[in-house]
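Please keep the sequence and the model in view while reading.

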Amino acid sequence: MGIETRRRILHLIGSPVDEFHAELSRLYALGCLLALEDPHRYEMHLAHVEPGGTWRFPRALSAAALSSAIPMSLSHAVAHIEQLEVDVVVPQMFCHPGMTAYRALFDILGIPYVGNTATVMGIAADKAKTRAIVAAAGVAVPAARVVNDQQPVDIPFPVVVKPVATDNSVGVTLVHDRRQYAVAVDAALCHGDTALVEQYVELGREVRCGIVARDGDLVGLPLEEYAVDPVTKPIRDSADKLARSADGQLYLVAKDRAHAWLVPEDDPLTDRVRAAARAAHRALGCRHYSLFDFRIDPQGNPWFLEAGLYCSFAPSSVIAVMAAGAGTGVGELFAGVLTELDQEAKTCTPSH
């Protein structure tokens, strides 16, 4: 592909909320930029939103490059983006505004972006809404109640108490009896106005399933299974997902065989989970790709837990790991999503 046909790609990075989400965004975005580096195909641009909402357009993601980039207000940033004349945006933000309002901004600007829409991301960020939608589509979900206080609910112990709108298992507690219940609810309500009290599904296994849209089909990727144990690790918590090194650097925990591994294609669980994931994908109105967590009971029945509808296109991103297990590298995965985006644009273009 010649230089003249290069795509101008804008990576939307950072977080207006806090430095943790901004750092997480940069971690994934850096991996993506390295994996997709191909000057013959892509002209990469960076937009970084820092806590408080200031925009910068750095040449790289180092601390020096970020600090030397000119700070801009939203209005000036929008003008700068329009001058760049980018072809497509890759959202790399993990905070709630980043997954919703900032995607909606590009809808307003008429600039296409890869991945799920702001509306779908908003639904997926609410575990209660997501459960209701996929349950209506026939996907099995554990019994649950939404609460905003410590009043007991009509679900027998043990239960899992979690915030309705957080990621990375923040604020999640397994509760065995009434004495633990109030403390767990209070912990969950520290992260929002409501909490979800969910029936504990006896542990068989816990897996994630990724779906990728290709030419009208929903292709199931290899399942990723997580290290859990009925006694020592009955549920995954935040320590299983993110941690910091001795020098304070954020890193991803569940990226080695001790924490996660791909499930063989001939595992009898694979087809059952993929069928449920495809149903959830359609019910939520997903596009391009999707990712879902399932609890597997001792009888082998999958139970939907939650949706995580993002992919950063870094090699460490879950969908990228799954795709690699099926023989599809990050470059091919990204190119396929761009093809889907192009096909959608043609479908939406009125004929003359």
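The structure is a predicted model, in which local features need pLDDT of at least 70, side-chain atom pairs count only at pLDDT 80 or more, and totals for chains, interfaces and linings use all residues. Residues are numbered from 1 along each chain as its sequence is written, and side-chain values use heavy atoms, with hydrogens and water left out. Helices (H or I, at least four residues) and strands (E, at least two) are DSSP runs, numbered from the N terminus.

**The sheet around β8**

- Strands β5, β8, β6 and β7 form, in that order, an open sheet with antiparallel pairing; two strands pair if DSSP finds at least two bridges between them.
- The edges are taken by β5 and by β7 (173-175), each of which has a single partner strand, so one side of each lacks a neighbour in the sheet.
- On average, neighbouring strands of this sheet are turned by 25° against each other, direction ignored; axes are lines fitted to C-alpha atoms, for helices over the stretch in contact, and angles run from 0 to 180 degrees between N-to-C directions.
- Strand β8 (residues 195-199) is largely enclosed by the rest of the structure, because 4 of its 5 residues are buried (under 20% relative accessible area, with a 1.4 Å probe and protein chains only).
- Strand β5 (residues 144-147) pairs with β8 over 4 bridges in the antiparallel sense, and R145 stands opposite V197 in β8.
- Strand β6 (residues 159-163) is joined to β8 by 5 bridges, also antiparallel.
- In β8, A195 is the bridge partner of P163, and Q199 is the bridge partner of V159.

**Helices on this sheet**

- Helix α7 lies across β5, β6 and β8 and runs at about 45° to β8, where contact means heavy atoms within 4.5 Å.
- Helix α8 (residues 178-189) lies across β5, β6, β7 and β8, at about 25° to β6.

**The pair α7 and α9**

- The axes of helix α7 (residues 127-136) and helix α9 (residues 269-284) come within 9 Å and cross at roughly 110°.
- This angle makes α7 roughly perpendicular to α9, a term that covers 65 to 115 degrees.

**The mixed sheet**

- Another open sheet has 4 strands in the order β3-β2-β1-β4, and its pairing is mixed.
- Its edge strands, β3 (55-56) and β4 (88-91), each pair on one side only.
- Strand β2 (residues 42-49) pairs with β3 in the antiparallel sense over 2 bridges, with V49 opposite W55 in β3.
- Helix α5 (residues 101-109) packs on the sheet and touches β1 (7-14), β2, β3 and β4, its direction making about 150° with that of β1.

**The hairpin β15-β16**

- Strand β15 (residues 289-296) runs antiparallel to β16, and 5 bridges join them.
- The two strands form a hairpin with 5 residues between them, and G300 in the turn has a positive phi of about 90°.
- D293 stands opposite E306 in β16.
- Strand β16 (residues 302-307) has 5 of its 6 residues buried, so the rest of the structure largely encloses it.

Terms used:
Buried means under 20% relative accessible area, exposed over 50%, partly exposed in between (1.4 Å probe, protein chains only). Angles under 35 degrees count as roughly parallel, over 145 as roughly antiparallel, 65 to 115 as roughly perpendicular and the rest as oblique.
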